[in-house]
Amino acid sequence: MLSQADRRELDDILKKYPDKRSAVLSALYIAQREKNYLTDDDIRDVAQALDMTVTEVHAIVGFYTLLRKEPTGKYLIQVCTDLPCALRGADDFYRRLCRRQGLPPEGGTTEDGLFTVEEVVCVAACDKAPVAQINLEYHEHLTDEKIDAIIAELREKSTEGVTAG
Amino acid sequence: MSLLQEHVLLRHRDIPNIRDIHVYTAHGGYDALRKALNEMQPGEVTDVVKASGLRGRGGAGFPAGVKWSFIPKDVKPVYIVVNADESEPGTFKDRELIEGNPHQVLEGIALCAYAVGAEAAYIYGRGEFRGPFRGLQQAIDQAYEQGFLGENILGTDFSLDVYTHLGAGAYICGEETALLSSLEGKLGQPRNRPPFPAQVGLYGKPTVVNNVETLTNVPPIVRHGAEWYRQFGTEKSTGTKIFCLSGHVVRPGNYELPLGTPLRYLIEECGGGVPGGRKVKAILPAGASAPILPGDKLDLPLDYESVQAAGSMLGSASFIVMDETVDMVWAASKMVHFFKHESCGKCSPCREGTYWMEDVYHRLRDGHARPDDVDLLLSIADQMDGNCFCLLGEFSLSPVRSSIRHFREEYEMRVKRMGIGD
Amino acid sequence: MVSLTIDDVKIEVPEGTTVLQAARMSGVEIPTLCDYPHLTPYGGCRLCVVEVEGARLLQPSCTLPVSKGMVVHTNTARVREARKFVLTLLFSERNHFCMYCQVSGGDCELQNAAYEQDMTHWPFQPNWDPYLVDASHQHLVLDHNRCILCRRCVRACGELVGNFTLGVKDRGPESIIIADLDVPWGESTCVSCGTCVQVCPTGAIIDRRSAYLGHEADVERTRSVCIGCSVGCGVELITRDNRLLRIDGDWDAPVNEGILCQIGRFLALDDERERIVTPLVRRNGTLKAATWEDALDYVAGRLKPLAGKKGDGIAALASTRLPVESLYLFKQLFADKLNSEMVTSIEEGVTTALSGKVAQELGRPFEGSLERLKSADCVVAIGVDLAENHQVAGFFVKRALPNGTKLVVIDPYDNQLHELAHYALQPQAGTDYELLLGLMSAIVKSGLSRDEPTNLSELAGYDPQVVSQVTGISADTIRAVARLIASSQRPVFVYGKGVTRASSPEVLSALIELARLVGALTPDQSAIIGTKGQANSLAAYMYGLDKPFEVDGHQAVYLALGDDEPSRRLIKRLKGAPFIAVQASYLSPATEMADVVLPVEMWAEQDGYYLNLAGKLQKAHRALVPPQEVRSNVGVLKALAARLGVELEADWRKSLKKRAPINPVVE
């Protein structure tokens, strides 16, 4: 659901365009940023805010891979295994990561619901392989140790947040 | 390492912190814009770009100045859309320009807008560029503050607003009409052409769609003139080009070189050659979408004409190098998977053709291939050829056909393995 | 004009024509799947590719505009090979084993296209995952296994009906048709208009009723007019062995251009009432079968002595679903010849009498054609729910909304269009008049009026500020709506029962004045549309059958009900009438009360004319042969007149135009 603050943010974005619907991807990003995926209510909210039909917005969600309808972990780790990265060991890097996180080779979400790991196609960082995006931020020149450290740090941060909250 | 005394595009490699507007202006930044606004008519800007021979760096290689000259003079508003949806496997040059030298990109946009009479520009970046676009937005804000963007730029009548816009994960949006649909908030599916964007583009208005790198070339062209620019490159492929080098090389990365530089220089001098002294087996010169070149083509000059004559395309100049250990059936299947994954599903040849090709590759991988499977792949490719709605479908054929053409024996081995181990 | 050559024949076609259209004009057939003449060209399936000289690639003819001197070949070896390939892919995509499909056998465009290309099999092994069939819908079944992803249904749902229920989920080969947010179709926002089933090229969307009942080659098609309401949509009645299987929209009908609503397409087929197949006469308290001779003699015997009597003679009521011919004979027989005072229709003029009165005062018709709705840039709907009744008119509005057409709905009560409206105004009940004057006052004040107001002094008292207190609608909203309407280029006003039921003609007069102020009513054109009631509501008005009905002291009631269903209110009022004769197709509470029942044809069995809400005269055609003992409505009235010694004139056309017309009558 879009909060009042979200709606104000969206209003600012709308100023960029002569047509409201141009803001649909921005609006969907806003709607999914907290939980990393979109619910039916999010889609209805966005449709209503932009004078679009829910089927149109839903089709857009299905069309773009960064918009997600499946429940996703708090941190989405997307490892590129496309050809240039694979030539530099990304396939094995990804499989090892899944194994260490107790996930099947095709990826998935960790038991604590914190991390979703999946493989993606090219993310424009081929010279810095292996590479992953974690919640759409680049992490490059990765090694097993490096990614484990990042994951450990994020995990710690999350549990801290829980105790503090 | 470089054939250039100084970079024309990757200037941040020569000048630290040029992403800051003060550093940029201290090194001649925005002089070209000042020159254009004070001394040149809009048509003259287009003329100098035409005379420079600058060709679109996104992949199609269409002359940029000619594209600009298609914009009608009597229809308003006119839009500029900057294609930063860099999604071709092996391509990462626009990202470096945005991160390292953003003001040259913005100055190029402003020059283009002045030339075609546009008052708004949208920079469409792939969704993964959230981080790089934060920096870009800072650069835009700086440019507004310093009066290089916004109302009455440099005290003239010329005004321009520049906006950023992020996509959300769809390779097809790199195709210019799909990009426009996406920017309008529709599905990122290509449109019928004609009409071309120059006539009916964003929101139905005349629109120039140019790649980031293309526009980054414009400020030096306007500043130093067409003749200066033509000193780089060849007669028909003028200027410098950023070559994205990835795969089996010691030093992958972006390298700016004059067009026409031999492939060997890129791989061996720039990239430090193949690790472990292994041999180059194959090269993809334009990511996944252009035919594979066999490893014996290292003396090929890297300009549009020569690469085409060698049976491939320069495209976005994304060179993926594969050494002798690479299984070419595996490599081709990776690329076919990419295209199947990115097919939008609108036209049946692409939607189903990529599906069936991947299905055959799975059989090859899993040892269930049939004797006629290689011919089946070629037959699917032949029949998809020229029959898809947009170029994505056509692109998907390149890795299949070219890998079979040059490495058919690897396919045949897979086929013969059928039954082994049963 | 552009000249080009298609398959060695030179032709000239208008600029902007596609190659596919040009080919069809010159009699060349190009196979298509995703293309549909009434939908925007899509270019997805690639079956329609042709070879154009000078072009390296094959070109899809459905999206390719003609250009001067173009030379096109539609049937070369290269083209045929490409088409076979496309079909091969489509056949192997999902379950297309024709022998197990109900539409196989001439009705499937995929199968037909394969036969045209001499295909008997395809080389790829099918490899699909079976999809669940969605059978949750009341009228339709969605079988994804037969879907070829042409998206005709999705486009029809949006482009033609404006409902946007159907969509596509995911992309590439995973694409799948869904309803709303992927809910079972039967639980979606679908309005059951059935346009999707009419455009589906395969057996992916089938209609529960007609599936398995006959292939295209076995059925008969009769062009006719839907009499579900006053819109008068063109339909095709599909019959086999004297059974009505299905109703399609008539793509060539100018009124609806192919689209229908649930009432016209499905509900008309779901009539479960019991048919009357023989005349009935009440003897010893119960209705018994009788001969036509006996039944007619009995009615004539009871009516004859009452001829000419005022107040205690015959009260006669006709359904507004009867064809014009029947209404005319009915009016002549009872009003002109038997001189009854109480001759009217069962609508009692609720939707027309007021408009008629206003037209009389104006001395001219003030309503315009339904066409205006299709090109409107602003629609003001007042006192009418176009999603409930006259739905096809509502579809015209809904489908225009994405193109920027603005919608203002004025209705104190619940209205399904409220949620789609740019302005949904719910004034206090009974304050429509004040609101309309408030709008006019705001328009005049803002200097946006295009015509001189006739009631300037009156308007002074209706400042939006004042009006807002009466209506409960803010002055700002009133001003904004006024500005919206007045600044539109092609505003259209649609009004319904909410206006015509008003006790005084003021509201309608105010609406007309508002329309005039914004240029929607000029001496030669009008963009005001009254929705009226049933199919021949307007014709009933034209014959004067529009007064309120009372039995009072009348000694006999003659009810020409046809296939209509009597309202409970009518039944209540019929109670106590000394004699009741009912001319009807189905048993109903009215026939239960009757002393005589005369069985007549139902809508699909009769020929006859209908005058739609905009005055367009259209003919409905017989598609079914009635049961043996059932007579036509016209025949029964004539036979009765003969027994009463009365001669009736047959020329209904002349007198149809006599009364002050609300709309110009167009033939």
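**View 1. An open sheet of seven strands in chain C of this predicted model.** As a reminder, strands of a sheet pair through backbone hydrogen bonds, either parallel or antiparallel. Which strands stand at the edges? They are strand 15 (286-289) and strand 17 (342-345) of chain C; each has a single partner strand, so one side of each is left without a neighbour in the sheet. On average, and with direction ignored, neighbouring strands of this sheet are turned by 15° against each other.

**View 2. Strand 16 of chain C beside its partner, strand 17 of chain C.** In what sense do strand 16 (residues 314-318) and strand 17 of chain C pair? The pairing is parallel and runs over four bridges. To find your place, look for Leu317(C), which stands opposite Thr344(C) in strand 17 of chain C.

**View 3. Helix 8 of chain C lying across strands of the sheet.** This helix covers residues 324-337 and lies across strand 16, strand 17 and strand 23 (556-562) of chain C. Compare the directions of the two elements: helix 8 runs at about 170° to strand 16 of chain C.

**View 4. Domains of chain C.** The domain assignment gives domain 1 (2-75), domain 2 (126-269), domain 3 (280-348 + 547-607 + 619-656) and domain 4 (353-530). How far apart are the C-alpha centres of domain 3 and domain 4 of chain C? They lie 39 Å apart.

**View 5. Chain B, with 18 helices and nine strands.** The radius of gyration of chain B is 22 Å, close to the 22 Å that the globule rule gives for 422 residues, so chain B is as compact as a globular protein of that length. Its C-alpha atoms fill a box of roughly 80 × 45 × 35 Å along the principal axes. Of the 422 residues of chain B, 60% count as buried. Among contacts in chain B with a separation of 6 or more, 71% join residues 24 or more positions apart.

**View 6. Where chain B touches chain A.** In this view, 37 residues of chain B are in contact with 31 residues of chain A. Several elements of chain B each supply at least two residues to this side, including helix 7 (130-145), strand 3 (161-166) and strand 5 (240-247). Which element of chain B gives the most? Helix 14 does, with five residues. By type, the residues on this side of chain B divide into 16 nonpolar, 14 polar and seven charged.

Terms used
Residues numbered from 1 in each chain as written. Chains lettered and ligands numbered in written order. Predicted model: local features only at pLDDT ≥ 70, side-chain atom pairs only at ≥ 80, totals over all residues. Contact = placed C-beta atoms within 7 Å. Nonpolar A, V, L, I, M, F, W, Y, C, P; charged D, E, K, R; others polar. Pairing = 2+ DSSP bridges. Axes fitted to C-alpha atoms, helices over the stretch in contact; angles between N-to-C directions. Rg over C-alpha atoms; globule rule 2.2 N^0.38 Å. Buried ≥ 20, exposed ≤ 12 C-beta atoms within 10 Å, placed from the backbone. Domains from an automatic or database assignment.
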